[in-house]
Amino acid sequence: MGKDRGFTLIELMIVVAILAILLTVAVPNFGPFVQTNRMDSIQNGLVASISLARAESIRQDVNVTVCARNTSNVNSCGTSWANGWAVIANSAALRVGDAPSAQVTLTGSSITFESSGLMSGGSDVCFSVDDGDSSTEVRYIQVTQFGRIRAWDGATDDSVCGS
């Protein structure tokens, strides 16, 4: 006669207890992880859109604007970054960024790149992505008048984004 194969009740209970302990440790850390990734995604999307705007301004030899998205007409600028953003050239949207989640605030001012690749207005601009939670660091994007983009998270230490 062969021996029965399978798990005993004791073995199964030990595995369930180990899983319960691991989940107790992992689940509380999952919320901040998701929120951090959400903020990183917004920051990276905006950096990509600003880079696209500068490249297209040079390539098409036109002014290209990155601005708050207008929900009623995507081919024009709106007033609230809560609706997302748009990259606009010749009254046509080249790219549209999604609205941040309700917990995340995006702030900044519209920027326009001239056909030379320089930003019109002659001064640096700062964008910030914040969820209002002190356990996650604010994300910053600085665009210089020459079109250089710098993104970082944490405390600010420059004259454009504050200190």
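Strands β7 and β8 run antiparallel and are joined by 5 bridges; here strands (E, at least two residues) and helices (H or I, at least four residues) are DSSP runs, numbered from the N terminus. The two strands form a hairpin with 5 residues between them, and glycine 147 in the turn has a positive phi of about 95°. Within this pairing, aspartate 153 in β8 is the bridge partner of arginine 139. The model is predicted, so that local features need pLDDT of at least 70 and side-chain atom pairs count only at pLDDT 80 or more, whereas totals for chains, interfaces and linings use all residues. Residues are numbered from 1 along each chain as its sequence is written, and side-chain values use heavy atoms, with hydrogens and water left out.

Strand β6 (residues 125–130) is connected to the antiparallel strand β7 (residues 139–143) by 5 bridges, and valine 129 stands opposite arginine 139 of β7.

Serine 49 is placed in helix α1 and is buried, with a relative accessible area of 1%. The classes are buried (under 20% relative accessible area), exposed (over 50%) and partly exposed (in between), for a 1.4 Å probe and protein chains only. Residues up to four places away in sequence not being counted, serine 49 touches Val66, Trp85, Val87 and Arg95, where contact means heavy atoms within 4.5 Å.

Side chains of opposite charge can pair when their charged atoms come close. The count comes to 2 salt bridges, each defined as a side-chain nitrogen of Lys or Arg within 4 Å of a carboxyl oxygen of Asp or Glu. One of them joins aspartate 40 to arginine 139, with the closest N and O atoms 2.8 Å apart. Because aspartate 40 lies in helix α1 and arginine 139 in strand β7, this pair ties together parts that are 99 residues apart in sequence. Aspartate 40 is partly exposed at 24% relative accessible area, while arginine 139 is buried at 4%.

A salt bridge is also formed between glutamate 56 and arginine 59, whose closest N and O atoms are 2.8 Å apart. Both residues lie in helix α1, 3 residues apart, about one turn of the helix. Glutamate 56 is buried, at 13% relative accessibility, and arginine 59 is exposed, at 61%.

Serine 115 is located in the loop between β5 (111–113) and β6 and is partly exposed, with 31% relative accessibility. Valine 104 and serine 115 are 11 residues apart in sequence and 33 Å apart in space, C-alpha to C-alpha. Leaving aside residues up to four places away in sequence, serine 115 touches Ser57, Ile58, Asp61, Val62 and Asn63. The side chains of serine 115 and aspartate 61 are joined by a polar contact of 3.2 Å. Such a contact is a pair of N or O atoms within 3.5 Å; within protein, one must be able to donate a hydrogen and the other to accept it, and residues adjacent in sequence count only if both atoms are side-chain atoms.

Conventions:
Two strands pair if DSSP finds at least two bridges between them.
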